[in-house]
Amino acid sequence: MTLEMLKGAINDKKMLCPKCKQPVQKYDNFVEMVSSVWDGAGDSGTELEGSKVTLICGNDGCGWKERTEYWESYIVED
Ligand SMILES: [Zn+2]
């Protein structure tokens, strides 16, 4: 998942706040993460990629905000 997908989901109002069920308005501090996991058994390391972002609801009366690497789970499909 990329920053473009995140922006698209927010623009298309497909990212919903779990608290008020309204579209999430903003995000902050998007970072890509790459980490190597070494299993210690001599096999090559496994690369895990992901991204982390702070989602901010931004709707009136809702203060929901969360820093998460599982932001895909807030995106709804049609
Ligand atoms: Zn909300």
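Guide: The questions below concern a metal site and a strand residue in a predicted model.

Visitor: What makes Cys17, Cys20, Cys57 and Cys62 count as coordinating the zinc ion?

Guide: Their SG atoms lie at 2.2 to 2.3 Å from the zinc ion. A donor must be an N, O or S atom within 2.8 Å of the metal, so these four SG atoms qualify.

Visitor: Why is the site of the zinc ion called tetrahedral?

Guide: The angles among its four donor atoms are 104 to 114°. Four donors count as tetrahedral if all angles lie between 85 and 135 degrees, so the site meets the definition. Along the chain, the donors follow the spacing C-x2-C-x36-C-x4-C.

Visitor: Why can cysteine 20 and cysteine 57 be said to tie parts together?

Guide: Cysteine 20 is in the loop between helix H1 (3–11) and strand S1 (26–37), and cysteine 57 is in the loop between strand S2 (46–56) and strand S3 (65–68), so the pair ties together parts that are 37 residues apart in sequence.

Visitor: What joins the side chains of threonine 54 and arginine 67?

Guide: A polar contact of 2.9 Å joins them, and the cut-off for such a contact is 3.5 Å. Threonine 54 is in strand S2 and is buried, at 8% relative accessible area.

Technical notes. Residues numbered from 1 in each chain as written. Predicted model: local features only at pLDDT ≥ 70, side-chain atom pairs only at ≥ 80, totals over all residues. Heavy atoms only, no water. Donors = N, O, S within 2.8 Å, 3.2 Å for Na, K, Ca; no water. Tetrahedral: all angles 85-135°; square planar, octahedral: opposite > 155°, others 65-115°. Helix = DSSP H or I, 4+ residues; strand = E, 2+ residues; numbered from the N terminus. Buried < 20%, exposed > 50% of the residue type's maximum accessible area, 1.4 Å probe, protein only. Polar contact = N/O pair within 3.5 Å; in protein donor to acceptor, adjacent residues only side chain to side chain.
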